[in-house]
Amino acid sequence: MMEAVAVPPFERFYEEHRNAVLGQLRRLLGRDAADDAFQETFLRALRSYSKLKHGEHLRAWALTIARNVAIDTRRREQITSADVPDLESVDEPLPYEELRRLTSKLPEKERAAVFLRYGYDLSYEDIGSALGSSAEAARQATSSGVRRLRRKELR
Amino acid sequence: MTVSPDLDARFREAAAAEGLLDVAYELHDTPVGRLLIAVTDHGLCEIHYDADPEAEAERLARLFGNRVLRSARPTDEARRQLDEYFAGDRREFDLSVDLRAAREFGRAVLEELALVPYGELTTYGTLAAKAGRPRAARAVGTVMNRNPVPIVLPCHRVVGSTGSLVGYAGGLDRKRTLLELEGALLA
């Protein structure tokens with residue numbers, strides 16, 4: 001009878017599969033979200049690593065965890081974007097088209113922050129939770145977006 | 001797809017910060033060469049000369065559990081104290097040592113060894129007597145040879161009854177270097 005393949009030290013498991021895991025996460029989530037998901041994937045792997053009975057199919061195991069992390073990440077994104085109110089329900093938004101045109105050249109995060117602040121009148125706390133950052137980071141993104149818009153207007 | 005050094009470092013740090021590791025290790029350059037330094041929740045568990053990291057990771061996994069990862073932060077304190085020792089600024093190590101992997105007699109001998117002061121010499125026979133087995137000088141030699149944390153547990157301070165250096169797992173040159181550093185031998 002063949003002996004079961006021993007579970008390698010985590011270091012070796014990580015070294016051997018980290019590039020494949022990152023590749024899969026980037027395909028599923030894009031570059032930025034993939035970095036957070038990468039860390040979460042290997043932390044999850046570590047949490048159950050001592051329960052592994054043998055060291056076979058570890059790449060498939062790692063990629064399965066990565067896929068689950070990606071699904072969870074997507075689900076979180078959907079929930080936060082569902083928290084943003086419909087245009088119709090907001091009392092006095094800046095005209096949507098105007099805001100869209102105005103902010104179209106801003107970096108993505110600033111654009112979203114300015115949009116949520118002035119288009120939807122959300123608090124920085126709500127903007128932060130919608131964008132997955134702190135209220136303070138949301139405030140900074142908004143004000144740096146506004147500064148950028150002003151600089152453009154001056155020209 | 002290659003993981004960037006930054007992303008890699010962040011994961012290794014998070015793994016340790018979340019308390020998910022059985023053993024964290026790092027390589028550290030010193031005047032006696034590159035050392036592999038490993039720690040567990042219980043303290044410093046290994047200092048290894050000329051280590052092959054992959055083979056060491058295997059060995060550490062067998063001893064302490066397979067969640068073994070290179071991660072610098074948990075080893076920072078030990079590395080800092082070693083740097084101070086080599087700079088001549090530290091005479092005693094203030095580190096807890098994990099001797100769970102040592103057997104009973106070995107542990108008794110290593111605990112006695114820890115009491116041998118900086119810059120002083122003792123003999124295998126003396127140490128055997130202190131550990132309660134006066135005729136076990138040879139067994140003490142074996143324990144010294146397998147000392148999991150040389151330098152911190154100072155097996156370099158143990159010499160033969162005639163004063164000869166006898167042996168050292170890291171090589172006699174290193175034993176001599178450490179004793180010269182401590183002023184126990186004339187350079």
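**Exercise 1.** For contacts in chain B between residues at least 6 apart in sequence, work out what share joins residues at least 24 apart, and then relate the fold to its dimensions.

*Solution.* In this predicted model, 58% of the contacts in chain B between residues at least 6 apart in sequence join residues at least 24 apart. The next step is to list the elements of chain B, which come to seven helices and six strands, and which run from the N terminus on as α-β-β-β-α-β-α-α-β-α-α-β-α. Turning to dimensions, the C-alpha trace of chain B spans about 60 × 35 × 25 Å along its principal axes. A compact globule with 187 residues would have a radius of gyration near 16 Å, and the 17 Å of chain B therefore agrees with that. Finally, buried residues make up 39% of the 187 residues in chain B.

**Exercise 2.** Describe the side of chain A that touches chain B, by element and by class.

*Solution.* Begin with the contact itself, which takes 20 residues from chain A and 20 residues from chain B. On the side of chain A, α1 (10-29) and α2 (31-49) each supply at least two residues, and the largest share, nine residues, comes from α1(A). Sorted by class, this side has ten nonpolar, four polar and six charged residues.

**Exercise 3.** Explain why the buried residues of α6(A) line one face of the helix.

*Solution.* First identify the buried residues of helix α6 (residues 124-131) of chain A, which are A:Tyr124, A:Ile127, A:Gly128 and A:Ala130. Seen down the axis of α6(A), these buried residues fall within an arc of 165°, so they line one face. Just after α6(A), A:Gly132 takes a positive phi of about 70°.

Conventions:
Residues are numbered from 1 along each chain as its sequence is written. Chains are lettered from A and ligands numbered from 1 in the order in which they are written. This is a predicted model: local features need pLDDT of at least 70, side-chain atom pairs count only at pLDDT 80 or more; totals for chains, interfaces and linings use all residues. Two residues are in contact if their C-beta atoms, placed from the backbone, lie within 7 Å. Helices (H or I, at least four residues) and strands (E, at least two) are DSSP runs, numbered from the N terminus. Ala, Val, Leu, Ile, Met, Phe, Trp, Tyr, Cys and Pro count as nonpolar, Asp, Glu, Lys and Arg as charged, and the others, Gly among them, as polar. A residue is buried if 20 or more other C-beta atoms lie within 10 Å of its own, exposed if 12 or fewer, and partly exposed in between; C-beta atoms are placed from the backbone. The arc is that of the directions from the helix axis to the C-beta atoms. The radius of gyration is taken over C-alpha atoms; the globule rule is 2.2 Å times the number of residues to the power 0.38.
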